[in-house]
Amino acid sequence: MSSRMTEHKIILVKRKTRLEELIVRYNTVQQARFFIERLGADFSDYVLEDENYRRAVATATSELTALGRVQIVEREHVPNFIFGEQDTVVVLGQDGLVANTLKYLTEQPLIGVNPDPLRWDGVLLPFIVSDLRWVVPDVFVRRRPIKEVTLAKAQLNDGQSLYAVNDLFIGRKTHVSARYELRLEDQVEQQSSSGIIVSTGLGATGWLTSVLAGAAGIVSSATQRPVSLTPDQLVPGAAFRQEGAAEGWKRGRISNGSDHGVDDYSQDNRATWSSPSLYFTVREPFPSRTTATDLVFGQVEAEKPLRIASQMPEHGVIFSDGVESDFLEFNAGIEAIIGPAEKKGHLIV
């Protein structure tokens, strides 16, 4: 008789280490070592990272196998993998792997695990491998809190769609300017730019923060007046406003009924993850006789989506969360409607 707690699958998502990627490129460890050391880098760090990650995968697999049926999925197979409705998903991070898995899920809970806490911080990785024996059973019986995450969605007029956990990029895959028509409610503008970024609440501390910091730096230098611009300063009552954001995460240990504890991320900036709104920014808009630069920043809501009509004959793309290889073609004749997604991500915290 099986001693497993569930007959539903536990999906363990893993990635290749830097060393594994080097071996794919250079065929052997020896050749990879020669390449790295010839450049003066420390090859032992690649080896140590690989050993720690392999150990984490082995331990996680052992812990999870005692609880249910385990299937290991490599990162590159996630976009085409069919997750079952009753699956529990465990991601052996970093943060980017969590984000790039979450957008392909529907109602499945996702547990983010930090495989190497001394190497990675991991805002989306509240657990370590040894926590799995306590956390997963709690997830099975729905005792663990779940944080809903608002996703962004790009819906094309040809029926295709793409979700994002952090942000969407709309533009060209080359450094040539993107041409398109941008529409937000009654505002319509022809634009030429380096592309558009649409950020979620969870992604507000990433690309959006970078763009705002750049804009503030330019204004400060040009006017000789100090300017600070961060997501929580956008407008009074903005969806991305968060208390104590500068303090970062407050990480502690809480009891789970055993001699062990699990990590408690008590900082309340997780409240922004479920923000119902998105923000868009236009990168390097160029004014000309036929293009304008008035509609370059704004808030996007379900009832106020962003509409973008491509005017690019080729190389127009939409990709999400920094994964350029998983994209939608966005060439002339295609229109995209950008807004909050109809589904939510579900992170175990």
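V227 has a relative accessibility of 36%, so V227 counts as partly exposed; that label covers values between buried, under 20% relative accessible area, and exposed, over 50%, with a 1.4 Å probe and protein chains only. What you see is a predicted model, where local features need pLDDT of at least 70 and side-chain atom pairs count only at pLDDT 80 or more, while totals for chains, interfaces and linings use all residues. Residues are numbered from 1 along each chain as its sequence is written, and side-chain values use heavy atoms, leaving out hydrogens and water.

Back to V227. This residue lies in the loop between α6 (207-223) and β12 (251-255). Together with V219 and L229, V227 makes a nonpolar surface patch of about 190 Å².

Now the inside. The largest nonpolar core has 27 residues, and L168, I196, F280, L306 and I318 touch the most other members. Such a core is a set of buried Ala, Val, Leu, Ile, Met, Phe, Trp, Tyr and Cys residues joined through side-chain atoms within 4.5 Å. Several strands supply at least two residues each, among them β6 (146-156), β9 (178-184) and β16 (306-310). β9 gives the most, four residues. A second, separate core of 24 residues includes V91, A99, L124 and W273.

Last, confidence. pLDDT, the predictor's confidence in each residue from 0 to 100, averages 87 over the protein, and 87% of the residues score at least 70. Over residues 242-268 the pLDDT stays under 50. Where pLDDT is low, the predicted coordinates should not be read in detail.

Definitions and conventions: Patch = residues over 30% accessible without salt bridge, like charges linked within 9 Å, V, L, I, M, F, W, Y side chains within 5 Å. Areas by Shrake-Rupley, 256 points an atom, 1.4 Å probe, with all protein chains shown as cover. Salt bridge = Lys/Arg side-chain N within 4 Å of Asp/Glu carboxyl O. Contact = heavy atoms within 4.5 Å.
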